[in-house]
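Please open the model in your viewer and keep the selection tool at hand. The stops below say what to pick next and what is there.

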Amino acid sequence: MHITFERATAFQQEVKARVADYFATTGLRPRDLPRMYLKTAAIFAWFALSYVLLVFVARGWWQVTAAAASLALAMAAIGFNIQHDGAHGGYSASKLVGRVMAFALDVIGGSSYFWRWKHNVLHHTYPNIEGADDDINVGALGRLAPQQPRYRLHRFQHVYMWLLYGLITVKWQLVDDFKELIEGRVGTRDVPRPKDGELVLFVVGKVVFFSLAFLIPLLLHPWWAVLVVYAGTSFGLGILLGVVFQLAHCVEEADFPAPSSDTLRMAAEWAVHQVHTTVDFARHSRLLTLYLGGLNYQIEHHLFPHICHLHYPKLAPIVEDVCRRFGVRYQAHPSLRAALASHYRWLREMGRPAADPEPA
Ligand SMILES: [Zn+2]
């Protein structure tokens, strides 16, 4: 039995109609934007330059640290902007172009095949639903949702979780994709293993990544230096990816609703569920909006994942207005700092020992 949502109401029709109206009146295309192709070229150039500087040019610890930091930032930018839109079909109307852009994730060590299941299917359909959304499952070390078991260790999670995010990338590059391939499972959900062309892409992606991360550097540098730089870069990348993706859903203001235990039906319709479980942040920061690929506009992204992220700043007031008129709670943190503080407080709240029952 699968989790289902309440029937769609006029809210969903209205928000879709208003956004369609925006594209009709402005004459803009929802995807295939020249600005997006330009942004892609700039990010890939940044990535390539950082890599060349790190592997072939940098000498001395400070040059290596600066080049590795630049590489981690560029890799995160590829994730936030290029592969994310590509995988959602928000990049281009062409499936081939979308698939090529999604493959950028394989180049930085992930698997675009398993991402589609983990992110597009499980996370986007069921955000913040324990047991269905794999993004809130970090194993026994963290308690991110009220329905998850509470362990003593969790009382410190608001301190250590930030560092744990740093390990996500290493786990994902070296363990998770291979485990998912062998087991045919993402989290608790069975997913088909990649076949034919998808399997070839999976293998090619791994060969490219392992060559870039280990093989080529090992031809020029001692093994311990390669390992230290790999660990440091992946750690920085993991913190960036982990924190940014958590800020939209794992905060005090987001809901963590559960389906009815016998029917597995959610009380809200799908579109309202997306808004209630998601929080925007720093919408007025031009730098963050540019760098995060619209991940600070996650309400708009969750309602319209097929639309290129470059449109989200213009869609946000429309979505917010429709929410206000339908009484759907729309929330946004004014800054990155406010969102970080809210994530911290949510981790602390979830890790707090259960209150003793009131004496009778
Ligand atoms: Zn997404």
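## Stop 1: the zinc ion

Start from the spacing of the zinc donors along the sequence, which reads H-x3-H-x30-H-x4-H-x176-H. The model is a predicted one. Select the zinc ion and show His84, His88, His119, His124 and His301; each coordinates the ion through its NE2 atom, at 2.0 to 2.2 Å.

Histidine 84 and histidine 88 are both in H3, four residues apart, which is about one turn of the helix. Are these two histidines buried or exposed? Histidine 84 has a relative accessibility of 1%, so it counts as buried. Histidine 88 is buried too, at 7%.

## Stop 2

Move to helix H6, residues 112–125, and select tryptophan 115. With 13% relative accessibility, tryptophan 115 is under the 20% cut-off and therefore counts as buried. Show what lies around this side chain: beyond its neighbours within four places in sequence, tryptophan 115 contacts Gln83, His84, Ala87, Leu105, Asn120 and Phe245. One of these, His84, is also a zinc ligand. For a distance check, draw a line from the C-alpha of tryptophan 115 to that of histidine 309; it spans 18 Å, and the two residues are 194 apart along the chain.

Next select tryptophan 117, also in H6. Its relative accessibility is 22%, so tryptophan 117 counts as partly exposed. Which residues does tryptophan 117 contact, leaving aside neighbours within four places in sequence? They are Leu122, Val186, Arg189, Val191 and Pro192.

## Stop 3: glutamine 298

Select helix H12, residues 298–303, and go to glutamine 298. At 1% relative accessibility, glutamine 298 counts as buried. Apart from neighbours within four places in sequence, glutamine 298 touches Phe245, Ala248, His249, Thr278 and Asp280. Phe245 was also on the contact list of tryptophan 115.

## Stop 4: H8 and its partners

Show helix H7 (residues 157–183) together with helix H8 (residues 196–220). Their axes are 12 Å apart and the packing angle is about 165°. An angle over 145 degrees counts as roughly antiparallel, so H7 and H8 are described that way. The crossing of H7 past H8 is left-handed. To see the contact, display Gln173, Leu174, Asp177, Phe178 and Leu181 on the H7 side, and Leu199, Phe202, Lys206, Phe209, Phe210 and Phe214 on the H8 side. By class, the residues of this contact between H7 and H8 are eight nonpolar, one polar and two charged.

H2 and H8 pack at about 30°, with 10 Å between their axes. That angle is under 35 degrees, so H2 and H8 are roughly parallel. Tyr51, Val55 and Phe56 of H2 meet Ser211, Leu212, Ile216, Pro217 and Leu220 of H8. The contact of H2 with H8 has seven nonpolar residues, one polar and no charged.

## Stop 5: H1 against H13

Hide the previous helices and select H1 (residues 10–26) and H13 (residues 312–326). Their axes come within 10 Å and cross at roughly 150°. H1 and H13 are therefore roughly antiparallel, and their crossing is right-handed. On H1, the contact is made by Ala10, Phe11, Glu14, Val15, Arg18, Val19, Tyr22 and Phe23; on H13, by Lys314, Leu315, Ile318, Val319, Asp321, Val322, Cys323, Arg325 and Phe326. Counted by class, the contact of H1 with H13 has 12 nonpolar, no polar and five charged residues.

## Stop 6: two loop residues

Most residues other than glycine have a negative phi. Select aspartate 32, in the loop between H1 and H2. Aspartate 32 is not a glycine, yet its phi is positive, at about 60°.

Finish at asparagine 128, in the loop between H6 and H7. Asparagine 128 is likewise not a glycine and has a positive phi of about 65°. Is asparagine 128 buried or exposed? Its relative accessibility is 0%, so asparagine 128 counts as buried.

Note on methods. Residues numbered from 1 in each chain as written. Predicted model: local features only at pLDDT ≥ 70, side-chain atom pairs only at ≥ 80, totals over all residues. Heavy atoms only, no water. Donors = N, O, S within 2.8 Å, 3.2 Å for Na, K, Ca; no water. Buried < 20%, exposed > 50% of the residue type's maximum accessible area, 1.4 Å probe, protein only. Contact = heavy atoms within 4.5 Å. Axes fitted to C-alpha atoms, helices over the stretch in contact; angles between N-to-C directions. Parallel < 35°, antiparallel > 145°, perpendicular 65-115°, else oblique. Left-handed = near helix turned anticlockwise from the far one by under 90°. Nonpolar A, V, L, I, M, F, W, Y, C, P; charged D, E, K, R; others polar.
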